[in-house]
Amino acid sequence: MDTAGLGLDLAGKRALVCGSSQGIGLACAQRLARLGAGVTLLARDGDALARVCGGLAPASEAHDWLVADFAEPEAVQKVVADHVRKTSPYAIIVNNTGGPPPGPIVDAAPNDFMAALRMHLACNQLLLQTLLPGMKQLGYGRVINIISISVREPIPGLGVSNTTRWAVAAWAKTCAGELGKYGITVNNVLPGYTDTARLRSLITRRAQAHGISEAELTEQWLADIPAARLASPDEIASAVGFLASPSAGYVNGINLPVDGGRLSSM
Ligand SMILES: NC(=O)c1ccc[n+]([C@@H]2O[C@H](COP(=O)([O-])OP(=O)(O)OC[C@H]3O[C@@H](n4cnc5c(N)ncnc54)[C@H](OP(=O)(O)O)[C@@H]3O)[C@@H](O)[C@H]2O)c1
């Protein structure tokens, strides 16, 4: 709760946090609940969501969870739309899901791009369309997309991901232009290397591919990060908590890197 009057208080607001059974999404859900929001968790693993839900900080609005697979955007929209009809409007959505599989872009099949765009772009669009009437009714909306620093500097070996992230960033910027007048902001958070299950599996695969140990690979990565360490998921969630808050009302259409200084471009 915002006892210091910093405009971070989310009491009375509801937030839909996607991809929130683990990793960055989980940390975002925990952060928003600590700021006072009622959180709806969404991912594929219902047992994990039930556990997470039980551990969220109590808020004036109830916490709950929904099971849906971002590989099927229309089904995700239906699950959320059915829920919205039974509850009060959402003020906040955090768009987040598993990243596309790694690999050189020249090896990608057209369907790899289509699948990633369905998960990352079509889901964002359908969820926005579903929650938008409620946000307009509230006169308050925060759409926050977890993307990647690859929006600013493509990451070698993540061809489909780099391409998809750019599409999402362009979508978000365009939405920001259309929705600002309703008190709705649309912003992107760009995590650097963040210590989650996804990153650990990426490290394992990359280390094997390069014939080096995971420790050696991690050391190589850290050499490029001025902070000389990985981010914790909660450090990404801290930026999300700010962007979700009344304090960030005049921040719209930005890409916010949370990367320990890793991006070399301005
Ligand atoms: N970690 C990093 O270093 C880093 C850096 C830059 C960008 N990112 C991006 O940030 C996002 C989150 O990363 P993370 O490291 O937190 O990943 P993570 O630990 O793998 O967590 C992914 C979350 O998304 C859910 N999810 C995955 N596939 C889903 C699907 N098809 N439908 C619904 N939910 C799904 C997972 O839950 P279920 O399995 O229960 O569905 C889980 O809650 C990804 O897009 C990633 O590429 C991560």
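Guide: Domain bounds here come from an automatic or database domain assignment. With those bounds, domain 1 (14-194 + 233-258) and domain 2 (195-230) each give at least three residues to the shell around the ligand. The model is a predicted one.

The shell has 31 residues, and those that come nearest to the ligand are Arg44, Phe70, Arg165, Thr194 and Thr196. Sorted by class, 14 residues of the shell are polar, twelve are nonpolar and five are charged.

Several helices take part. At least two shell residues come from each of helix 1 (23-34), helix 4 (110-138) and helix 6 (197-210). Helix 6 supplies the largest share, three residues.

Phe70, already named among the nearest residues, has a polar backbone atom 2.7 Å from a nitrogen atom of the ligand. On the side of the ligand's oxygen atoms, one lies 2.8 Å from an N or O atom in the side chain of Ser21. Of the 890 Å² that the ligand exposes when taken alone, the protein buries 90%.

As for the site itself, the ligand takes up the space of the largest pocket.

Definitions and conventions: Residues are numbered from 1 along each chain as its sequence is written. This is a predicted model: local features need pLDDT of at least 70, side-chain atom pairs count only at pLDDT 80 or more; totals for chains, interfaces and linings use all residues. Side-chain values use heavy atoms; hydrogens and water are left out. A residue is near a molecule or strand if one of its heavy atoms lies within 4 Å of it. A polar contact is a pair of N or O atoms within 3.5 Å; within protein, one must be able to donate a hydrogen and the other to accept it, and residues adjacent in sequence count only if both atoms are side-chain atoms. Accessible areas come from the Shrake-Rupley method with a 1.4 Å probe; for residues, only the protein chains shown count as cover. On a 1 Å grid over the protein atoms alone, a cavity is a set of points where a 1.4 Å probe fits but cannot get out, and a pocket is an open set with protein on both sides within 12 Å along at least five of seven lines; lining residues have an atom within 4 Å of a point. A molecule sits in a cavity or pocket if more than half of its atoms lie within 2 Å of its grid points. Helices (H or I, at least four residues) and strands (E, at least two) are DSSP runs, numbered from the N terminus. Ala, Val, Leu, Ile, Met, Phe, Trp, Tyr, Cys and Pro count as nonpolar, Asp, Glu, Lys and Arg as charged, and the others, Gly among them, as polar.
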